[in-house]
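Have the sequence and the 3D view open as you read, and take the points in any order you like.

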Amino acid sequence: MTVALKYEVKHINKNKFSRPGYKLLHVKALVIHYTANNGGTADNHFNYFNNLKDRYASAHIFVDRLKALEIIPLNEVAFHANERKAGPLIPSLKANAAYYPGGNANLNSIGIEMCMEKDGTIHPDTIARTILVIQKLQKQFGVWPIYRHYDVTGKKCPAPFVANIKLWTKFLADVKVLGTPKEDEELKFSSPTLKIETETSLVSKAHRHIIVTAAIKAGAHASWGDKLANGTLTDADVLGLAAKYTVAVNK
């Protein structure tokens, strides 16, 4: 049975403990969590964070086996990945704002919580729906790195994906990154030799810069520039941009 997105928006009230109303500076990453609350649904967590009064915590989206629920606007801060006093383990997520000094990853990432079943497992439909949520966010904000909470602060969350790296690797593989060219967007070549020559040209540093710059001007998302700058742009990404945005490359 195919899992549907079933994305709902129902924002909790503003309060200093879970929804301070701080502006999110930008989206530079998606951070995946699990609730560690056996049997708690997305709606249960809405109610909990809507009435939180004794600690600072929250996330933007809660996903269970039936739906995904956005409880904090995606242009606002959620308190989900900044408990490490020394700052984030991912240097690119360091950030400050006058209204939130040392906010770090909370200022530039979206937090997604996977709800747990009563037996302490994460239902396959919850995982599948979380992937759909990520794809939705990629369309909205561009393709950014996907981290476990563990990667950002060292907290063992989501525990199953920390205990078994193969589960995490499979999860990432199952996320169909929107930047990967689809079959009908791939470059077509009249001969294997021409294909090799063209690919060699496209993936050179100078040509990568030309392709990405031209693609962004032609309408590609600006996040491709960031991927080029931080070295995460793949050969397939470059070829896909060249094909989709009809970028001419002179050898």
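Two residues are in contact here when heavy atoms of theirs lie within 4.5 Å.

1. Let us begin with Arg19, since that term is needed here. Please keep in mind throughout that the model is predicted. Arg19 sits in the loop between strand S1 (7-9) and S2. Setting aside neighbours within four places in sequence, Arg19 is in contact with His11, Ile12, Asn13, Lys14, Ile72, Pro73 and Glu76. Which backbone oxygen does the side chain of Arg19 reach? That of Ile12, at 2.8 Å. Arg19 counts as buried because its relative accessible area is 11%, and the cut-off for buried is under 20%.

2. Now for the overall picture. The protein has 251 residues, and 46% of them count as buried. Its secondary structure comes to 10 helices and six strands. Among contacts between residues at least 6 apart in sequence, 72% join residues at least 24 apart.

3. Seven of its 10 residues are buried, so S2 is largely enclosed by the rest of the structure. S2 pairs with S5 in the parallel sense, over seven bridges. In that pairing, His33 stands opposite Glu113 in S5. S2 also runs parallel to strand S6 (residues 146-148), with three bridges joining the two. There, Val31 stands opposite Tyr147 in S6.

4. Turn to the largest nonpolar core, which has 33 residues. Which residues have the most contacts inside this core? They are Ile61, Ile110, Ile112 and Leu137. At least two core residues come from each of strand S2 (29-38), strand S3 (61-63), strand S5 (109-116), helix H3 (124-141) and helix H6 (165-174). H3 gives the most, with five residues.

5. Ile61 deserves a click of its own. Leaving aside neighbours within four places in sequence, the contacts of Ile61 include Tyr7, Ala68, Leu69, Glu70 and Leu74. Ile110, Gly111, Ile112 and Glu113 are also among the contacts of Ile61, as are Val133 and Leu137.

6. Is Trp224 buried or exposed? Trp224 is buried, because its relative accessible area is 9%. Trp224 and Trp144 are 80 residues apart along the chain, yet their C-alpha atoms are separated by 9.1 Å.

7. A last word on the cysteines. A disulfide is a covalent bond between the sulfur atoms of two cysteines. How many disulfides does the count come to? The count is zero. Cys115 counts as buried, at 1% relative accessibility. Cys157 is buried as well, with a relative accessibility of 4%.

Key:
Residues are numbered from 1 along each chain as its sequence is written. This is a predicted model: local features need pLDDT of at least 70, side-chain atom pairs count only at pLDDT 80 or more; totals for chains, interfaces and linings use all residues. Side-chain values use heavy atoms; hydrogens and water are left out. A nonpolar core is a set of buried Ala, Val, Leu, Ile, Met, Phe, Trp, Tyr and Cys residues joined through side-chain atoms within 4.5 Å. Buried means under 20% relative accessible area, exposed over 50%, partly exposed in between (1.4 Å probe, protein chains only). Helices (H or I, at least four residues) and strands (E, at least two) are DSSP runs, numbered from the N terminus. A polar contact is a pair of N or O atoms within 3.5 Å; within protein, one must be able to donate a hydrogen and the other to accept it, and residues adjacent in sequence count only if both atoms are side-chain atoms. Two strands pair if DSSP finds at least two bridges between them. A disulfide is a pair of cysteine sulfur atoms within 2.5 Å.
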